[in-house]
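Here is a set of questions and answers on one structure. Please look at the sequence and the model before reading on.

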Amino acid sequence: MTISVGDKLPEAKFRVMTAEGPQVKTTDDIFKGKKVALFAVPGAYTGTCHKMHLPSIFLNAYAIKDKGVNTIAIVSVNDAFVMNAWKRDTDQRDEAVFLADGNADFTKAIGMELDASGNGLGIRSHRYSMLVEDGVVKKLNKEPAPGKVEVSGGDTLLGQL
């Protein structure tokens with residue numbers, strides 16, 4: 001069942017790279033008591049994700065945070081090493097936390113998995129943006145097609161704040 005506005009996020013674990021190596025962060029660590037702008041992409045470094053979705057987030061990051069968002073988070077079904085390299089290559093002002101959902105546990109728990117095995121990519125995440133307050137979904141913008149950024153970009157979520 002796909003998550004909806006008003007639902008509480010399920011308990012899940014992500015991997016986040018730190019100076020000591022990959023560390024586990026739970027949904028509570030990321031979302032409890034915070035207002036979080038969560039952006040999900042099908043894959044790090046993939047064309048649309050890298051050239052369209054992330055730039056839309058970082059171009060609007062200051063304005064998003066000015067609207068009271070504590071954390072900007074980017075999640076993908078990739079490992080922590082890939083997500084760390086992607087953060088290094090794209091997040092020049094250290095504005096976001098990059099969450100690795102390597103086994104798609106979180107993605108499956110919220111019903112946002114995408115079977116991209118026909119393209120050799122395996123199970124991935126649908127592209128979406130979500131505003132989460134204290135673990136509860138307040139806004140949800142799911143793209144109808146994974147190769148587009150029409151409703152899930154930083155500009156759309158900023159307009160909803």
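Helices (H or I, at least four residues) and strands (E, at least two) are DSSP runs, numbered from the N terminus. The model is predicted, so local features need pLDDT of at least 70 and side-chain atom pairs count only at pLDDT 80 or more, while totals for chains, interfaces and linings use all residues. Residues are numbered from 1 along each chain as its sequence is written, and side-chain values use heavy atoms, with hydrogens and water left out.

Q: Which strand gives the most to the lining of the largest pocket?
A: A pocket is an open set of points on a 1 Å grid over the protein atoms alone, where a 1.4 Å probe fits, with protein on both sides within 12 Å along at least five of seven lines; lining residues have an atom within 4 Å of a point. The largest pocket has 13 lining residues, and K13, R15, G102, N103 and D105 lie nearest its centre. With three residues, the strand that contributes most covers residues 13–18 and is β1.

Q: How much space lies in the largest pocket?
A: A volume here is the space filled by probe spheres set on the grid points, which are joined across faces, edges and corners. For the largest pocket this space is about 150 Å³.

Q: How many charged residues are in the lining of the largest pocket?
A: Asp, Glu, Lys and Arg count as charged; Ala, Val, Leu, Ile, Met, Phe, Trp, Tyr, Cys and Pro as nonpolar; and the others, Gly among them, as polar. The lining has five nonpolar and three polar residues, and its charged residues number five.

Q: Why does the protein count as compact as a globular protein of its length?
A: The protein has six helices and nine strands. The globule rule is 2.2 Å times the number of residues to the power 0.38, and the radius of gyration is taken over C-alpha atoms. For 161 residues the rule gives 15 Å, so the protein is as compact as a globular protein of that length, its radius of gyration being close to that value at 14 Å.

Q: Is K87 buried or exposed?
A: Buried means under 20% relative accessible area, exposed over 50%, and partly exposed in between (1.4 Å probe, protein chains only). K87 lies in helix α4, residues 80–90. Because its relative accessibility is 19%, K87 counts as buried.

Q: Which residues does T107 touch, not counting residues up to four places away in sequence?
A: T107 is in helix α5, residues 105–109, and is buried at 1% relative accessibility. Contact means heavy atoms within 4.5 Å. Leaving out residues up to four places away in sequence, T107 touches V77, D101, M112, E113, R124 and S125.

Q: What is the phi of D134?
A: D134 sits in the loop between β8 (128–133) and β9 (136–142). It is partly exposed, with a relative accessible area of 43%. D134 is not a glycine, yet its phi is positive, at about 50°.

Q: Where is Y45?
A: Y45 is a residue other than glycine with a positive phi, near 70°. Its relative accessibility is 35%, so Y45 counts as partly exposed. Its place is the loop between β3 (35–41) and α2 (47–59).

Q: What separates the C-alpha atoms of K34 and L131?
A: K34 lies in the loop between α1 (27–31) and β3. Among the residues that K34 touches are V132, E133 and D134. K34 and L131 are 97 residues apart along the chain, and their C-alpha atoms are separated by 10 Å.
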